[in-house]
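This report is meant for a reader who is meeting the structure for the first time. It starts with a packing of helices, goes on to the contact of the chains, and ends with some residues in loops.

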Amino acid sequence: MLFYHSYDPATGELLELSVSATPEWRALQEQAGRTVAESQTYATPETHNYLGGALTAKRAGALTPDKTQITSGGADQAVVAVAVAGEDPPASLTLLVNGAAEAVALTHGAGSLAPIVAQTPCLVTVQVADSITYRAEPVAIQAV
Amino acid sequence: MPSLNASATAQNKNQAKVEKDLASGKLVASDPTSPQAVLAALEAAKNWDQGREALKEIFRTLLAD
């Protein structure tokens with residue numbers, strides 16, 4: 001079966017997957033400045049990218065908090081472990097903590113984010129900043 | 001206009017600020033519209049004018065959207 005992908009040629013981000021490519025669909029993609037590619041691989045924006053112009057599986061990463069709920073007040077804390085699978089892992093990975101960028105140093109693909117504490121009840125979400133290259137489920141820590 | 005409760009809930013979910021505490025190396029999250037933060041701001045006020053400004057800032061944030 002043939003699939004049709006549209007991607008941003010500037011960033012390599014896979015944007016759409018279609019099982020048919022009507023002239024109207026192709027025209028819409030071109031108007032949006034996207035490149036259309038054909039592939040026999042089922043790929044979604046969550047799993048693949050077009051970095052370098054070729055369909056590539058995103059690098060798998062994992063964010064693992066030691067707890068998903070902490071007590072506010074500044075004493076309790078949560079630590080998020082970071083792991084990047086595969087050969088030649090990066091020396092660091094940038095995460096977004098409620099939108100704030102925080103670099104995590106990695107040793108052999110593993111590291112941990114600075115401890116998270118909360119002064120007040122709130123929700124803290126942690127996700128990978130470069131979501132085009134990496135695939136990792138975001139995590140949420142609720143401060144109560 | 002959304003209710004204060006609804007806005008406060010939305011703020012609580014989406015707009016908690018996170019800053020790095022350089023001394024401890026920890027990431028400190030806080031919601032400036034939470035009751036604790038409101039009380040802390042009012043307690044920190046040294047006079048009526050400062051308290052009024054703190055309240056105005058809190059309501060500005062709450063009603064921002």
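In this predicted model, Val38(B), Ala41(B) and Leu42(B) of helix H2(B) meet Gly51(B), Ala54(B) and Ile58(B) of helix H3(B). By class, the residues of this contact of H2(B) with H3(B) are 5 nonpolar and 1 polar, with no charged residue among them. Helix H3(B) covers residues 48–62 of chain B, and its axis and that of H2(B) come within 8 Å and cross at roughly 155 degrees. Because angles over 145 degrees count as roughly antiparallel, H2(B) is roughly antiparallel to H3(B).

The next topic is the contact of chain B with chain A. On the side of chain B, 15 residues take part, and they are in contact with 17 residues of chain A. The elements that give two or more residues to this side of chain B are helix H1 (4–14), strand S1 (17–21), strand S2 (26–30) and helix H2 (35–44). Of these, S2(B) gives the most, with 5 residues. Sorted by class, the side of chain B that touches chain A holds 6 nonpolar, 5 polar and 4 charged residues.

Strand S2(B) also pairs with a strand of the other chain, namely S12 of chain A, residues 116–118, and this pairing runs in the parallel sense over 3 bridges. Within it, Ile116(A) has Leu27(B) of S2(B) as its bridge partner.

Two loop residues of chain A deserve a separate look for their backbone angles. Asn98(A), which sits in the loop between strand S9 (92–97) and strand S10 (100–105), has a phi near 50 degrees, a positive value in a residue other than glycine. His108(A), placed in the loop between S10 and strand S11 (110–112) of chain A, likewise has a positive phi, of about 55 degrees, although it is not a glycine.

How exposed are these residues, judged by the C-beta atoms within 10 Å? The table gives the counts.

| Residue | Other C-beta atoms within 10 Å | Class |
|---|---|---|
| Asn98(A) | 19 C-beta atoms | partly exposed |

Notes
Residues are numbered from 1 along each chain as its sequence is written. Chains are lettered from A and ligands numbered from 1 in the order in which they are written. This is a predicted model: local features need pLDDT of at least 70, side-chain atom pairs count only at pLDDT 80 or more; totals for chains, interfaces and linings use all residues. Two residues are in contact if their C-beta atoms, placed from the backbone, lie within 7 Å. Helices (H or I, at least four residues) and strands (E, at least two) are DSSP runs, numbered from the N terminus. Ala, Val, Leu, Ile, Met, Phe, Trp, Tyr, Cys and Pro count as nonpolar, Asp, Glu, Lys and Arg as charged, and the others, Gly among them, as polar. Two strands pair if DSSP finds at least two bridges between them. Axes are lines fitted to C-alpha atoms, for helices over the stretch in contact, and angles run from 0 to 180 degrees between N-to-C directions. Angles under 35 degrees count as roughly parallel, over 145 as roughly antiparallel, 65 to 115 as roughly perpendicular and the rest as oblique. A residue is buried if 20 or more other C-beta atoms lie within 10 Å of its own, exposed if 12 or fewer, and partly exposed in between; C-beta atoms are placed from the backbone.
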